[in-house]
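Please keep the sequence and the model in view while reading.

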Amino acid sequence: MASPEIETLTQALAKLPGLGPRSARRAVLHLLKKREAAMAPLLRALEAVNEKLTSCHVCGNVDTSDPCGICNDPRRDARMLCVVEEVADLWALDRSRLFPGRYHVLGGRLSALEGVRPEDLSIDLLIGRVAAGGVDEVVLAMNATLEGQTTAHYIADRLESLPVRLTQLAHGLPVGGELDYLDEGTLAQALRARRPVA
């Protein structure tokens, strides 16, 4: 049996996404065996992030500076704005290094079932950013769910009167995807978004 402190650490790690009780125990054992090489640097990194962690008042990203590194980057094209539901979506898109512009994190998506209304998200802040000028294109990068698409349509309606080009991420068949493994929604979207063969 482990001490209460070690068991508390194991239970805390087990609550992280992708880690269950067994994975958490393995991680704790690794940290204990490699105390100087693994645990000490991890503790220092966690403390440093915990002290400086903040939300960017411009885009809603989570970073250790406000404005965040993306908003402060002069190489970013301020005329392009990509709207995402969550910070995880921003990080996933930015990892690809394919989008040269800036971002806006809504903090969720509209959902009648969960009681999430437009005023619960940072939609008004987004409208204000676009209305202030300097944005030529808004890319709606909502998830391909009913709630995500409802959110995208709501934002499109709110931005309709502003002189900005609205685009949306393409949805459909993933590269390498096999038809028999795809859900009906993905197949339907792929059929609706079909294009001529060149």
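## The largest nonpolar core

A nonpolar core is a set of buried Ala, Val, Leu, Ile, Met, Phe, Trp, Tyr and Cys residues joined through side-chain atoms within 4.5 Å. In this model, which is predicted, the largest such core has 17 residues, and among these V83, V130, V138 and I155 touch the most other members. Two or more residues come from each of β3 (77-84), α6 (123-131), β5 (137-140) and α7 (146-159), with α6 giving the largest share, four residues.

Leaving aside residues up to four places away in sequence, V130 is in contact with L81, V135, V138, L159, L162 and V164. Another core, of 15 residues, lies apart from the largest one and includes C59, Y103, V139 and A141. In soluble globular proteins, nonpolar side chains tend to be buried together.

## One aromatic pair

How many aromatic pairs does a search of the whole structure find? The search finds one, formed by F99 and Y103, whose rings are 5.4 Å apart centre to centre and tilted, with 55° between the planes. F99 counts as buried because its relative accessible area is 13%, and Y103 is likewise buried, with a relative accessible area of 0%.

D89 is found in helix α5, which covers residues 87-95. Although D89 is buried, it has no salt bridge, and the nearest side chain of opposite charge, that of R109, is 6.9 Å away. When residues up to four places away in sequence are not counted, D89 touches V84 and N143.

Methods
Residues numbered from 1 in each chain as written. Predicted model: local features only at pLDDT ≥ 70, side-chain atom pairs only at ≥ 80, totals over all residues. Heavy atoms only, no water. Buried < 20%, exposed > 50% of the residue type's maximum accessible area, 1.4 Å probe, protein only. Lys, Arg positive; Asp, Glu negative; His and termini not counted. Salt bridge = Lys/Arg side-chain N within 4 Å of Asp/Glu carboxyl O. Contact = heavy atoms within 4.5 Å. Phe/Tyr/Trp six-rings, centres within 6.5 Å; stacked < 30°, edge-to-face > 60°.
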